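Thanks for coming, everyone. Please have the sequence and the model open while I talk.

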Amino acid sequence: MLKRWQSWIPTGGGLRDEDWARRHRLLTLLLAASVGGLTIFGAFRDALAAPWLTTVLLMLACVVAAARLRSRRLASIAVAVGLNVLCGGFVSMSDGLTEAHFSFFIAVAALALYRDWAPFGVFLVGTTLHHAVFGTLVSEHTYDHAGAAQHPLLWAALHGGAVLLAAGFQLVQWALTEDEERRAQENLDDREAQLSVAFDETPVPMAMLSPDGLLLRTNSAYRALMRLPDELPAGFGLADLPVTPVGHTMSELFDVLTSDTSYNAVRQYQRTDDGEMIWADTHSTSLFDKDGRLKLVFVHAIDVTESRRQQEELRHRVRHDSLTGLLSRSAFESDLPLLLAGDTAAVLYIDVDRFKSINDGSGHAAGDDVLKAIAARLSALVPAGSLITRVGGDEFIVAVPGGAEAGAQVGEAALAAFAEPLPVDDNLLNVSLSIGLAMAADAGCAEDAVLAADTAMYAAKRAGGNRVKVFNQQMRVSVQERITGEKMLREALAGDRQQNLPVWFQPIVRAEDGEIVGAEALVRMCTADGTILGPGHFIPAAEETGLIVPLGEHVLRTALRYLQEWSDDLRYISVNVSPRQLAEADFVPLLADLLTASPEIDPRRLVLEITETAMLGSSHDVRERLETIKALGVRIALDDFGTGYSSLTWLQNIPADVVKLDRSFVAGLSSDPRKSSIIQAVLWMARSLGMSAVAEGVEEEADQLALHAAGCPFIQGYLFGKPVPPAEFSERLQRSRMATTP
């Protein structure tokens, strides 16, 4: 029960120093002002006598004591005594007027501001003693009625009790206020505890700074980021952090203190302990007091080193080729105008000759190694300030600052560098380059220069590769012709192929008597106005675009149809097969299906012509594919024999049935003994390997006689007929049969 009652009694105190000082100053000034007020009242009442003087002197003494005493309690007691003296003197000077006693109630309410039992109790004791002592000794100056003079103690008790009751209600108010403050403090403590946990345990590094840059508080994540001890020494500030800004001055660390409201910056720092480089994203929020003065800066610093590293890697991946480490195409296109802004540049478009044979023959991994080795060699030989990129596959572009001479030097240096084989996987691979060179004068013509260099590169490749070609306008005309040829070919393939792409036939005759024994199927193009175009107008475009595959299928189907039609009069038809067709995975299955669909055709009557140069650039499984074709019964002819690099070797290694001697051997044969000797040697080897032979491009009768004398069994050329449409060829075929029939 006692404890329950004690809980209702205010404990006192609890005021902060600045709050107590403000209240004490107010009460002291009130007491001092009351001296003047009491003097004015005394003058009005004509009571400036000894009681007034005594009261004023005592009040002044209390004011001085209240102002000079350092102890809060003694100073407040001095005010309480002074108010006691004031109230007593006021009652005395009022001749005990009852209303004058109200001053005690005012004073007790004022002293409750201290929330201290000492001044409050002193005043209550002083009030009771005043009413009892002065009411007994000088009752006429203490009470203004006769009953009080007769019973001074009773009235002293009544007045004292009234003051005590007033004080009691002050105590209740005091106690209730303390309860409210206690609950508010508990709520505040809970919130501070929650905020403290949130601050200390959050994984985001955070710190609180004073306006002069001292670290007031840090959480564990911040200390871990900055590698600080759990307990920081006194006066530890921003300048003491073990990091140094990279590219900034140390003073810029204090930018967080000069921002008006908030601050954000991502900067790189170097640790002073081990030199490690880190990136930090720093945010700060400034807190100001009501007068606009900075009170606190709240900072959180996020370690973004890993994200910056990933961004740099991503930026590097975007700007660089993943295989070779050279510039990407987009980065090259972005940087080339910048290079041209200051000077002219030579643009070299580089393609690896016969890269497909390397890639397919040695595997894609080896092909990748070759590309990386090529990139390394090119990077080593280009001058400083050059740009180099791999634009896909086996093509590279180099932009060299300077004029055409600088570009030509780089091109020749590249050819010389690749004269030496490339070491790849303990093997040495021979690599050659086709290089196109064009000039770029300013940033506006960067794209045109690349296209021009690309055009020149194709000219170098068509010229045999392993060379540098400088762009000229005639090359642009050739490109335009290929574009036109491609457009016409696409339109022809999309329409009626028999009408748009007629297949003509050139006779192949026996050298002995001129009898037609075979024919070569040669495709033509019929334009909308009826003009017949030779293969030179569209075959190059077909080879480059891949349209040669559907075109070749069309020629093959047409040849089989006429083989069936001329089954009694023609021994065979030969069809040219491009390396692009031969590389198609479904070429052999297609051929097998076509032969199966025409069982009446002897497969030996179909001859597929494969160029020697095509086999040099084809894949490693060309022999296996040709063996599969021969297994179907189809014969193989080695076309353009003598224009490659290792002709006699190919005779031994390729499963060919027919050798077609290139026209370069035939022209002028009758007057050139060396050609005659070569042809005799080739014919002897062909016979020894069980092969037949056909001489192409025979246009002179003397050359025909020389070929017959050398033992060449079959001949083809304008001397015996140009390619003609099927109907005309059929008539010639009938005449040939009649002429040779006994």
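**Salt bridges, a barrel and a surface patch**

Start with Arg223, which counts as buried because its relative accessibility is 15%, under the 20% cut-off. This is a predicted model, so keep that in mind. Arg223 has a salt-bridge partner, Asp230, with N to O at 3.5 Å. Asp230 is exposed, at 62% relative accessible area.

Next, Arg227. Which residue forms a salt bridge with Arg227? Glu276 does, and the closest N and O atoms are 2.9 Å apart. Arg227 is partly exposed, at 39%. Glu276 is partly exposed too, at 33%. Salt bridges link Arg227, Arg271, Asp273, Asp274 and Glu276.

Stay on Arg227 for its backbone. Most residues other than glycine have a negative phi. Arg227 has a positive phi, near 55°. Asn466 also shows a positive phi, near 55°. Asn466 lies in the loop between α16 (446-462) and β13 (467-470). With 45% relative accessibility, Asn466 counts as partly exposed.

One more salt bridge. Arg319 and Asp335 meet through their side chains, at 2.6 Å from N to O. That pair links distant parts of the chain, with Arg319 in helix α11 (residues 305-319) and Asp335 in helix α12 (residues 329-342), 16 residues apart. Is Asp335 buried or exposed? Asp335 is buried, at 14% relative accessibility. Arg319 is partly exposed, at 29%. In total, the structure holds 24 salt bridges.

Now the barrel. How many strands does the closed barrel have? Eight, in the order β14-β15-β18-β19-β20-β21-β22-β23, and the pairing is mixed. Strand β14 (residues 503-510) and strand β23 (residues 714-715) run antiparallel and are joined by two bridges. Arg510 has Phe714 in β23 as its bridge partner. Helix α20 (residues 548-565) packs on the sheet. That helix touches β14, β15 (516-523), β18 (572-576) and β19 (606-611), and its direction makes about 175° with that of β18.

Within β14, look at Pro507. Pro507 is buried, with a relative accessible area of 1%. Its C-alpha atom is separated by 6.5 Å from that of Gln716, 209 residues apart along the chain. Beyond its neighbours within four places in sequence, Pro507 contacts several residues, including Ile516, Ile715, Phe720 and Phe729.

Asn84 is in helix α4 (residues 72-93). Asn84 is buried, at 13% relative accessible area. Leaving aside its neighbours within four places in sequence, Asn84 touches Phe104, Val122, Phe123, Gly126 and Thr127.

Glu201 sits in helix α8 (residues 152-201). This residue is exposed, at 60%.

Last, the surface. Which residues form the nonpolar patch? Val125, Leu129, Val133, Phe134 and Leu137, with about 490 Å² of accessible area together. Val133 belongs to helix α6 (residues 117-137). Val133 counts as partly exposed, at 38% relative accessibility.

That's the tour. Over to you.

Methods. Residues are numbered from 1 along each chain as its sequence is written. This is a predicted model: local features need pLDDT of at least 70, side-chain atom pairs count only at pLDDT 80 or more; totals for chains, interfaces and linings use all residues. Side-chain values use heavy atoms; hydrogens and water are left out. Patches are made of residues with over 30% relative accessible area and no salt bridge: like charges are joined within 9 Å, nonpolar side chains (Val, Leu, Ile, Met, Phe, Trp, Tyr) within 5 Å. Accessible areas come from the Shrake-Rupley method with a 1.4 Å probe; for residues, only the protein chains shown count as cover. A salt bridge is a side-chain nitrogen of Lys or Arg within 4 Å of a carboxyl oxygen of Asp or Glu. Helices (H or I, at least four residues) and strands (E, at least two) are DSSP runs, numbered from the N terminus. Buried means under 20% relative accessible area, exposed over 50%, partly exposed in between (1.4 Å probe, protein chains only). Two strands pair if DSSP finds at least two bridges between them. Contact means heavy atoms within 4.5 Å. Axes are lines fitted to C-alpha atoms, for helices over the stretch in contact, and angles run from 0 to 180 degrees between N-to-C directions.
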